[in-house]
Amino acid sequence: MFETLADIQPAVVKMLKNSHLKGRLSHAYIFEGDPGTGTYEAALYLAARLLCLDEAARPCGVCNNCRRIMNNTHPNVHVIRPGKRQIVKEDIRLLQEDFNKTALENGAKIYIIDEAHTMNAYASNALLKFLEEPHPNLYGVLLTRDAGALLETLQSRSQILRFTTMSRNQIEKNLLEAGYPAEQARLAAAMTHTIAHAEALLNEPNLLGQLDVLDQLHAALIKGKSLVTTFHRIHDTAIEGSSDYERLLDLMIRYQKDLIYGKMRHYGQCVFVEDSETQAQIITMKTEAMLLEELDMMLELRAKLKHYINERLAFDNLLLALERRMDLEETSGRHPL
Ligand SMILES: [Zn+2]
């Protein structure tokens with residue numbers, strides 16, 4: 001677990017390690033980051049650094065303390081999560097009570113508040129009071145997607161660490177390790193910024209149907225058939241609601257970027273690499289300017305799609321525009337070949 005964290009958040013790991021070595025750890029941290037950026041793992045890393053029994057390799061990941069921290073069974077590490085929807089004052093009271101128990105072991109005590117932005121006002125105030133009392137060797141880590149959503153007094157008493165989103169390569173590597181096929185891992189990594197979002201995309205029930213729609217539209221384009229007719233014939237299998245239109249358009253946008261990279265011969269940036277033959281054929285039908293203009297239209301529709309009452313009509317218009325070919329544009333005879 002800690003190796004993966006060092007992989008995806010090297011700066012955070014280095015910073016916590018140095019602060020610990022120099023005796024400059026803060027007693028309250030806010031770890032701000034999207035799901036999948038490793039905020040929870042980093043909180044466990046901090047706990048393990050403080051409690052690991054192997055001084056030479058903190059955290060070793062294998063000693064009794066490290067293992068109990070990773071399994072969430074160490075009595076000195078208390079994790080609070082929102083019950084139904086909120087974290088309430090009672091959760092903070094239980095935390096204080098827990099840390100006053102004699103069952104605690106020697107060494108540091110750490111509490112982790114997951115989704116800290118779900119603390120209601122009473123819980124926030126109770127936590128603030130708790131933070132203001134001196135508790136030597138007690139460390140708190142608040143995890144949240146948005147530090148700005150926390151009480152300002154909590155923010156000012158904490159050190160905020162921002163967890164940047166993962167790189168495309170890191171997400172792809174994680175998805176491959178989780179057993180997703182290479183094409184899917186590559187696609188989801190290119191279209192999202194966190195593992196959680198990437199997995200959510202790959203678990204969308206209509207995703208495969210939408211990829212099939214994309215394939216069939218490209219086949220129709222190459223054969224000179226109507227995209228609108230093709231779309232109407234097949235779209236029922238892949239489009240059920242507005243979010244399906246949005247995802248299909250996201251896929252089209254990603255594919256269009258491939259076409260543009262292909263036209264510019266920047267093949268290393270392409271995502272649908274297994275589709276390179278189809279892409280090569282489409283590229284010969286369109287100029288770079290046409291491809292860029294089409295991408296603009298897609299992005300414009302994407303921004304407006306939420307407000308459309310009739311997405312299908314908007315899509316028809318887009319598909320009509322995509323049917324244009326280079327040879328139709330250049331009928332002036334300048335290029336007789
Ligand atoms: Zn250890």
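A: Two residues are in contact if their C-beta atoms, placed from the backbone, lie within 7 Å. The model discussed here is predicted.

Q: Which residues of H5 meet residues of H6?

A: Lys89, Asp91, Ile92, Arg93 and Gln96 in H5 meet Tyr122, Ala123, Ala126, Leu127 and Phe130 in H6.

Q: How is the packing of two helices described?

A: For two packed helices, one states the angle between the axes and the distance between them. In this model, the axes of helix H5 (residues 89-99) and helix H6 (residues 121-132) cross at roughly 25° and come within 7 Å. Because angles under 35 degrees count as roughly parallel, H5 is roughly parallel to H6.

Q: At what angle do H13 and H14 pack?

A: H13 and helix H14 (residues 276-285) pack at an angle of about 70°, and their axes are 10 Å apart. That angle makes H13 roughly perpendicular to H14. From H13, the residues Asp258, Leu259, Gly262 and Lys263 meet Gln279, Ile282 and Ile283 of H14.

Q: What span should H16 have at 1.5 Å a residue?

A: The 12 residues of helix H16 (residues 311-322) should span 16 Å. The C-alpha atoms at the ends of H16 are 16 Å apart, which agrees.

Q: In what order do the five strands of the open sheet stand?

A: The order is S2-S3-S4-S1-S5, and the pairing is parallel. Strand S2 (77-80) and strand S5 (159-162) stand at the edges with a single partner strand each, so one side of each is left without a neighbour in the sheet. On average, neighbouring strands of this sheet are turned by 20° against each other, direction ignored.

Q: How many bridges join S2 to S3?

A: Four bridges join S2 to strand S3 (residues 109-113), and the two strands run parallel.

Notes: Residues numbered from 1 in each chain as written. Predicted model: local features only at pLDDT ≥ 70, side-chain atom pairs only at ≥ 80, totals over all residues. Expected span 1.5 Å × (residues − 1). Pairing = 2+ DSSP bridges. Axes fitted to C-alpha atoms, helices over the stretch in contact; angles between N-to-C directions. Parallel < 35°, antiparallel > 145°, perpendicular 65-115°, else oblique.
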